[in-house]
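Please take me through this structure step by step. Tell me what to select next in the viewer and what is found there.

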Amino acid sequence: MKLVTTSGKVPANLPSVEATAADSFRQSKGVASSVRSHQTGPAMSRSLIDGLNPPQREAVLDDSPALLVLAGAGSGKTRVITHRIAHLIDVLHVPPFQILALTFTNRAASEMIERVEKLVLDPQASDPSISTFHSLCARILRKYAPAVGLSPSFSIYDSDDQLSLLMGVVHELSSSTDYERKTSPSLTSSEGGNKRAGLDRNKVRELLGELEACKNAGINVQSARERARGAQGELVAEVYARYSEALTQANAVDFGDLILRTTDLLRENPRIQHQLRDRWRHILVDEFQDTNPAQFKLLSALVGDHTERGRTFVVVGDDDQSIYSWRGADVANMLEFQEKFAAKLIKLEQNYRSDPPILDIAAKLIARNQYRLPKTLWSDRGEAAPIVAKPCLDDRGEARFVSREIRRLCLDQQLNYSDFAVFYRTNAQSRILEEQLRADGVPHCIIGSVGFYDRAEIKDLLAYLRLLVNPSDRIALLRVLNVPTRGIGAKTLAELEALSRPREGNLAQTLQGVASGALHLRSKRALPGINSFVALMAHLRDRLDEPPSQLLQALLDETNFIDHLENRQTRSKDAVSHVAELVGALLSFESEPGDSSLAAFLERVTLDRGPAVDDEGQQATGVVNLMTIHSAKGLEFDTVFVTGLEDELLPYKRREEEVDTEEERRLCYVAFTRAKHRLFLSWASRRQLHGLWHRGEVSPFLVGLPGIGVSAPAPRPDPQQHRRPPAFAPRATDETVEPLPDYESETQLRREPLAEDSQTHFGETHIVYDEEEVYPTGPRPAKRNDKRERANKELTPGDHVTHSRYGVGLVLELEDRPEGVMATVDFPMTGHKSIYTRFLRRY
DNA sequence: GAGGGTATCTTTTTT
DNA sequence: AGATACCCTC
Ligand SMILES: Nc1ncnc2c1ncn2[C@@H]1O[C@H](COP(=O)(O)OP(=O)(O)OP(=O)(O)O)[C@@H](O)[C@H]1O
């Protein structure tokens with residue numbers, strides 16, 4: 001596996017935020033330079049307009065101060081934005097640096113950059129600012145950091161960092177006497193009394209959720225304090241305040257802060273506000289239905305008086321595609337926009353993306369939603385491939401189906417791999433798909449995968465790098481202080497913290513003090529470790545102006561990091577190669593034009609966790625894209641697979657929580673409408689999740705949808721292997737294999753999902769299983785534990801067992817748990833123990 | 001304080 | 001299944 005940095009994919013198309021013309025000509029890192037033709041003005045403006053239908057044209061040419069384009073999927077909203085930008089530059093001769101276009105994902109931003117570069121003809125034109133909200137804010141904050149009490153080298157905290165920080169904050173809060181009584185019941189766990197007395201991670205996580213909600217709503221600490229109601233409300237406000245303080249002390253911001261603090265910066269500094277308003281006179285926002293109030297406030301602050309001459313503000317959106325309400329997104333923003341800015345409204349009604357069958361089921365699906373703004377959508381495309389609905393026995397079968405269809409279509413239809421996208425609701429579903437594609441040699445790429453940068457060893461190294469750039473980064477410091485182990489354990493740390501308290505909790509300073517002999521620890525044991533750590537950091541900081549990759553190399557050498565990895569069997573065997581990949585990523589980052597500083601690298605890594613590309617996949621034929629439906633928003637593909645269309649998975653149901661059916665349906669709608677020509681819908685009767693099997697029914701979203709012909713499997717080369725009625729093969733009677741959990745009987749699987757609608761149907765059309773799936777996975781390779789667990793099925797209380805550690809013991813009790821059978825065993829030496837039977841052996 | 005072994009929980013979605 | 005939090009022993 002090879003890590004490929006996202007060169008050309010990063011919307012860092014944002015010159016310095018200063019409003020000088022000169023700097024906006026400098027092309028920022030990651031932006032592929034465009035090939036522009038050299039036509040002259042009039043010719044190009046005609047072709048620019050030619051590619052638009054009348055309402056689109058109106059939206060591009062419109063010069064009202066504020067414009068809302070409300071339109072369904074694939075109607076050309078993004079096209080309106082890109083053409084409008086080109087029109088501004090080429091026809092109205094607006095200096096590109098005055099244009100600011102905002103998107104939600106990095107991928108959307110880079111696609112927009114690409115499209116704009118193809119459209120703009122003026123070869124002299126510089127790049128307009130096209131970026132995500134968060135990148136924009138990071139740039140602005142770096143520029144004006146001192147005005148908000150930060151240094152420009154501030155860190156950006158991801159959710160793990162946030163959680164660590166908040167744990168510390170809450171910990172301190174609950175140990176301080178005033179708050180003890182208030183906080184303990186709500187912040188510490190008392191469930192079942194079997195938990196430790198300490199802080200409950202989940203509780204803190206919940207609390208973090210509340211803070212995030214504030215941030216999404218655009219509520220800063222001050223207004224949180226003002227509006228706090230009740231004990232719980234005040235507690236949250238207090239935690240919020242302390243958390244923000246801790247962030248500032250660490251010279252760090254979190255994602256929410258990027259938006260919030262930028263807004264505050266503008267509000268509190270009229271001079272800066274004017275500078276930025278002067279600079280960006282034309283603001284365009286894509287996917288506006290997914291802005292949250294914080295972003296709305298930011299935009300308002302950035303726009304100022306929108307009626308000012310020569311200023312325009314355009315937003316485009318589709319309420320049916322609002323899928324981020326969990327992040328505080330509010331469709332009401334569209335209405336508010338219309339009101340607040342007295343915006344003109346333009347609707348687009350023609351869909352240019354999807355073939356009729358696709359548009360048809362998408363429309364039928366979304367029509368069931370109750371809360372919608374009125375819209376129409378039609379298409380005049382011609383004949384098309386039928387939609388394929390595919391029931392599968394299990395997730396593995398589904399993955400095989402996807403892989404096989406992709407390979408088949410590549411051959412039959414001469415499609416490229418990059419014409420395909422595979423969608424799923426949850427990231428966990430990607431693994432089996434990925435495995436299968438890899439096994440079949442299909443080049444692919446998981447978009448937005450949590451992968452590389454989440455590995456422990458990579459996080460450690462990044463924390464080191466962060467700490468070098470930002471010495472105040474407390475969380476990074478805590479993470480690496482004892483990695484590799486230097487003999488600085490919990491005891492020492494507690495003492496260091498205590499020593500830091502009078503110094504504003506500045507751990508770094510305390511360490512320095514201890515190393516220089518100004519401060520003393522009770523025990524000398526940790527001293528060598530502290531000394532070497534302080535020396536290491538000092539030495540590396542001296543070399544900060546060297547290329548980042550060299551710095552990393554020095555870090556690796558001086559900490560013997562590789563040895564450290566190799567000595568620990570618990571770490572994955574690939575850890576060392578991951579480190580090598582990180583070095584490679586840095587090298588490749590350095591080779592890109594633009595800012596190659598370590599700080600720039602770190603910012604990219606947090607703001608845009610680039611795709612992990614598998615199998616050197618970027619040849620001419622491209623790669624198959626795997627992604628969650630959420631990250632598919634705004635994209636389009638020739639052929640789309642929507643997988644996992646199961647009840648409680650696609651309308652996703654969380655334990656003990658209500659389903660937000662309308663939002664889930666919108667999500668499904670987004671998934672369907674990404675497809676241009678071919679749409680495959682699949683679901684599995686059983687699926688493994690967290691190591692457990694779950695049974696699945698076809699998604700209610702599919703029930704009653706017309707026009708879905710269930711197609712036969714691809715003709716196979718071997719004529720003996722064709723059509724076969726659904727049937728389950730007799731299970732192999734391999735003693736070593738745990739019986740598969742029994743799933744729905746054949747009739748149930750065949751049950752018409754479309755009971756109500758007999759016109760168009762899954763009905764008479766046979767649902768045909770492929771040979772492969774009828775005899776599903778075959779016997780799974782027997783796993784040791786399976787075998788042992790099975791042998792232990794017959795264990796009863798009173799039996800004697802052995803355990804690798806505790807020796808021989810007597811089984812007292814057995815209890816069935818989802819994870820296995822839990823035994824209570826009496827061992828002569830150690831007493832009663834609860835142990836899963838898979839760790840036991842009959843004696 | 002380190003390291004090995006076990007019990008438990010997880011992420012739904014993203015910047 | 002995989003990561004992590006916790007416990008125990010050295
Ligand atoms: N007037 C047009 N002529 C030809 N093709 C068009 C026209 N308008 C849009 N398209 C094409 O239709 C497809 C969808 O356009 P676009 O992505 O702008 O739609 P959208 O409204 O932003 O979609 P969504 O909301 O689903 O993201 C694109 O491939 C675009 O090139």
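**The largest cavity**

Begin with the lining of the largest cavity in this predicted model: its residues divide into three nonpolar, four polar and five charged. To see them, select Thr78, Thr103, Thr105, Ala108, Glu111, Met112, Arg115, Asp286, Glu287, Lys633, Gly634 and Leu635. The space they line comes to about 110 Å³.

Which helix gives the most to this lining? Colour helix H4, residues 106-119: this helix supplies four residues to the lining of the largest cavity. Domain 1 (42-148 + 259-350) and domain 3 (388-448 + 614-702) each contribute at least three residues to that lining. Rolling a probe the size of a water molecule over the atoms is what shows where empty space is left. By the rule used here, the count is six cavities of 30 Å³ or more.

**The domains**

Next, colour chain A by domain. The assignment gives domain 1 (42-148 + 259-350), domain 2 (155-179 + 199-250), domain 3 (388-448 + 614-702), domain 4 (456-606) and domain 5 (799-842). Then show domain 2 and domain 3 together; their C-alpha centres lie 37 Å apart.

**The ligand**

Now select the ligand and the residues around it. There are 19 of these residues, and Gln56, Lys77, Thr78, Glu636 and Arg674 come nearest. Thr78 has already been on screen, as one of the residues that line the largest cavity.

- Arg674: an N or O atom in the side chain of Arg674 lies 2.7 Å from an oxygen atom of the ligand.
- Arg79: here a backbone N or O atom is 2.8 Å from an oxygen atom of the ligand.
- Tyr352: an N or O atom of the Tyr352 side chain lies 3.5 Å from a nitrogen atom of the ligand.

Taken alone, the ligand exposes 630 Å², and the protein buries 86% of that.

Stay with the shell around the ligand and colour its residues by class: three are nonpolar, ten polar and six charged. Helix H3 (residues 77-90) provides the largest share of this shell, three residues. Domain 1 and domain 3 each give at least three residues to the shell around the ligand, and each of these two domains also gives at least three to the lining of the largest cavity.

**The second largest pocket**

Where does the second largest pocket lie? Show domain 2 (155-179 + 199-250) and domain 4 (456-606): both give residues to the lining of this pocket, so the pocket lies between them. Its volume is about 1200 Å³.

The lining has 36 residues; select Gly168, Val169, Glu172, Arg474 and Glu497, which lie nearest the centre of the pocket. The elements that give two or more residues to the lining are helix H6 (159-175), helix H10 (230-249), helix H19 (474-480), helix H20 (490-500) and helix H21 (507-516). H6 gives the most, with eight residues. By class, the lining of the second largest pocket has 16 nonpolar, eleven polar and nine charged residues.

**Two backbone stops**

Most residues other than glycine have a negative phi, and most peptide bonds are trans. The last two selections depart from this.

First, go to the loop between H19 and H20, where Pro484 is found. The peptide bond that joins Val483 and Pro484 is cis, with omega about -10 degrees.

Then move to Asn251, in the loop between H10 and strand E5 (252-254). Asn251 is not a glycine, yet its phi is positive, at about 50 degrees.

Definitions and conventions
Residues are numbered from 1 along each chain as its sequence is written. Chains are lettered from A and ligands numbered from 1 in the order in which they are written. This is a predicted model: local features need pLDDT of at least 70, side-chain atom pairs count only at pLDDT 80 or more; totals for chains, interfaces and linings use all residues. Side-chain values use heavy atoms; hydrogens and water are left out. A residue is near a molecule or strand if one of its heavy atoms lies within 4 Å of it. A polar contact is a pair of N or O atoms within 3.5 Å; within protein, one must be able to donate a hydrogen and the other to accept it, and residues adjacent in sequence count only if both atoms are side-chain atoms. Accessible areas come from the Shrake-Rupley method with a 1.4 Å probe; for residues, only the protein chains shown count as cover. Ala, Val, Leu, Ile, Met, Phe, Trp, Tyr, Cys and Pro count as nonpolar, Asp, Glu, Lys and Arg as charged, and the others, Gly among them, as polar. Domain bounds come from an automatic or database domain assignment. On a 1 Å grid over the protein atoms alone, a cavity is a set of points where a 1.4 Å probe fits but cannot get out, and a pocket is an open set with protein on both sides within 12 Å along at least five of seven lines; lining residues have an atom within 4 Å of a point. Grid points are joined across faces, edges and corners, and a volume is the space filled by probe spheres set on the points.
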